[in-house]
Protein chains: 2
Amino acid sequence: MPMEQGDHIVRSYDEQLRRLRDMVARMGGLAERQVNDATVALVRRDASLATEVIGRDAAIDQLEREIETFCIRILATRQPMAMDLRFIIAAMKVSHNLERIGDYARNAAKRSIVIAQQPAIGSLNGFSRMALLVQENLKLAIDALVNDDAEAAQRVWAADEPVDDVYNGIFREMLTFMMEDPRNITAATHLLFIAKNLERIGDHATNIAETVHYAVRGDSLPDDRPKADASAYAVVRPRE
Amino acid sequence: MPMEQGDHIVRSYDEQLRRLRDMVARMGGLAERQVNDATVALVRRDASLATEVIGRDAAIDQLEREIETFCIRILATRQPMAMDLRFIIAAMKVSHNLERIGDYARNAAKRSIVIAQQPAIGSLNGFSRMALLVQENLKLAIDALVNDDAEAAQRVWAADEPVDDVYNGIFREMLTFMMEDPRNITAATHLLFIAKNLERIGDHATNIAETVHYAVRGDSLPDDRPKADASAYAVVRPRE
């Protein structure tokens with residue numbers, strides 16, 4: 001492993017890997033905050049917070065590009081092997097997951113601005129619960145990456161089921177609101193998409209966990225993880 | 001560049017890169033077909049074709065894993081530089097886009113099974129049109145990858161706007177159907193999500209084009225591509 005102590009431009013290989021880890025952890029923190037704030041903006045009907053979330057997304061996109069460029073530089077100059085190589089590939093994949101999470105949070109924020117102008121429907125507790133669950137999974141997945149912890153990664157990977165349960169509940173609830181009163185349709189449709197965004201954020205947290213497990217262990221988790229999103233098959237009937 | 005003619009196990013480096021290109025092209029063909037068949041299944045209310053699409057998704061997932069494993073092997077054994085290195089990273093990224101496209105097609109197929117059991121609403125021409133547009137972009141993006149054609153990639157990257165226009169039209173149309181008759185709500189909701197899936201497939205085709213451009217040229221396209229998806233801000237009012 002090349003060590004170039006004292007070289008302030010190229011830095012040592014270890015230092016580069018540490019810096020890469022820090023960049024991904026920082027990006028994870030930003031993504032978590034975006035998910036949190038987008039949901040708070042929705043629940044509190046706070047359009048100015050939603051606008052902040054939308055504005056902050058560019059910083060996440062920028063970090064993804066920096067991480068990819070940095071990874072390609074390490075690959076080209078260090079010829080990393082085995083676990084280091086897998087870690088660098090993992091960092092690129094995870095930064096892409098985080099970029100997507102940022103996009104979902106931004107999209108939720110956009111929709112929450114429309115919803116704040118519509119009549120309020122029902123309680124949005126399900127959204128807060130979903131957001132908390134996916135943020136927790138996201139945090140644990142990023143911690144697993146930072147600590148090379150394959151067991152922790154596997155626990156996150158298996159923990160997505162409650163997220164899907166809350167999502168299925170919201171899906172049916174929103175369809176019921178729509179059927180009760182057509183004036184609910186615009187808000188309920190946007191809420192459905194926000195719920196879907198949160199569910200996708202949960203999937204990305206799971207993907208991050210899978211990637212971390214592979215980076216540390218060098219083998220893949222089984223194909224079929226516990227998965228309870230049945231909403232693609234959902235049918236809700238209007239009350240007669 | 002190491003050449004190992006006659007070595008039937010390790011193969012030459014050039015041959016490995018050619019094989020990688022073939023794998024991605026094959027995966028692109030499968031993804032295109034899934035998008036096509038999922039949409040045909042929807043429009044013809046053909047649940048048995050939809051079930052085929054769902055079953056075929058595993059082959060796409062499998063190809064993504066094979067491509068990643070193969071890329072990591074090339075990175076570890078060949079220490080590729082410059083354009084070759086960028087191409088290998090691009091192949092991994094594109095195979096991930098194609099895997100996601102496969103997931104969206106599978107999800108659309110699942111929803112089309114539910115829709116086939118609901119009362120038919122309106123014409124689904126917009127869906128066929130959207131599917132054709134995204135398939136065309138996807139095909140051009142994969143061709144650009146196979147031919148190292150940065151100009152073709154840039155054309156695809158700029159061509160996503162009509163997809164977004166059709167999507168915005170469908171979004172408003174579905175909300176109107178819901179408001180007219182609550183019995184339309186289940187089908188229209190699933191149709192909304194299918195339209196969103198097709199729109200996301202279009203985004204992935206654009207992402208592939210961006211990745212190809214970067215792989216060939218080594219620099220990124222501008223941040224803001226032409227983008228007309230305004231549906232996150234859409235409001236539709238029930239008729240009084």
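Predicted model: local features only at pLDDT ≥ 70, side-chain atom pairs only at ≥ 80, totals over all residues.
Residues are numbered from 1 along each chain as its sequence is written, chains are lettered from A and ligands numbered from 1 in the order in which they are written, and side-chain values use heavy atoms, with hydrogens and water left out.

**View 1. Chain A as a whole is built from helices.**
Chain A has seven helices and zero strands; helices (H or I, at least four residues) and strands (E, at least two) are DSSP runs, numbered from the N terminus. Along the sequence, the pattern reads α-α-α-α-α-α-α. Taken along the principal axes, the C-alpha atoms of chain A fill a box of roughly 75 × 40 × 20 Å. Of the 240 residues in chain A, 57% are buried; buried means under 20% relative accessible area, exposed over 50%, and partly exposed in between (1.4 Å probe, protein chains only). Among contacts (heavy atoms within 4.5 Å) in chain A between residues at least 6 apart in sequence, 84% join residues at least 24 apart.

The UniProt annotation "domain: PhoU", from an unreviewed entry, covers residues 24-111 and 128-212 of chain A. UniProt positions are given in the numbering used here, feature names are shortened, and annotations may be inferred rather than shown by experiment. Residues 24-111 of chain A are 93% helix and 0% strand, with end C-alpha atoms 28 Å apart. Residues 128-212 of chain A are 88% helix and 0% strand, and here the end C-alpha atoms lie 27 Å apart.

**View 2. Two helices of chain A run alongside each other.**
Two packed helices are described by the angle between their axes and the distance between the axes. Helix H3 (residues 82-116) and helix H7 (residues 185-217) of chain A pack at an angle of about 170°, with their axes 9 Å apart. Axes are lines fitted to C-alpha atoms, for helices over the stretch in contact, and angles run from 0 to 180 degrees between N-to-C directions. The residues of the contact of H3(A) with H7(A) divide into 21 nonpolar, nine polar and six charged. Here Ala, Val, Leu, Ile, Met, Phe, Trp, Tyr, Cys and Pro count as nonpolar, Asp, Glu, Lys and Arg as charged, and the others, Gly among them, as polar.

**View 3. Leu98(A) sits in the largest nonpolar core.**
This core has 164 residues, and those with the most contacts inside it are Leu98(A), Phe127(A), Leu98(B) and Phe127(B). A nonpolar core is a set of buried Ala, Val, Leu, Ile, Met, Phe, Trp, Tyr and Cys residues joined through side-chain atoms within 4.5 Å. Not counting residues up to four places away in sequence, Leu98(A) touches Val24(A), Met27(A), Gly28(A), Ala31(A), Ile60(A), Leu138(A), Ile142(A) and Ile208(A).

**View 4. Ala209(A) is a residue of helix H7 of chain A.**
With 0% relative accessibility, Ala209(A) counts as buried. Beyond its neighbours within four places in sequence, Ala209(A) is in contact with Ala141(A), Ala153(A), Val156(A) and Trp157(A). Ala153(A) is 56 residues from Ala209(A) along the chain, yet their C-alpha atoms are separated by 4.6 Å.

**View 5. Pro80(A) lies in the loop between helix H2 (47-78) and H3 of chain A.**
Pro80(A) counts as buried, at 4% relative accessibility. Its contacts, not counting residues up to four places away in sequence, are Tyr13(A), Ile74(A), Leu75(A), Leu85(A) and Ile88(A). Pro80(A) and Tyr13(A) are 67 residues apart along the chain, with 9.3 Å between their C-alpha atoms.

**View 6. Asp148(A) and Gln79(B) are loop residues with positive phi.**
Asp148(A), in the loop between helix H4 (125-146) and helix H5 (150-157) of chain A, has a phi near 50° and is not a glycine. At 28% relative accessibility, Asp148(A) counts as partly exposed. Gln79(B), in the loop between helix H2 (47-78) and helix H3 (82-116) of chain B, has a positive phi of about 45°. Gln79(B) also counts as partly exposed, at 32% relative accessibility.
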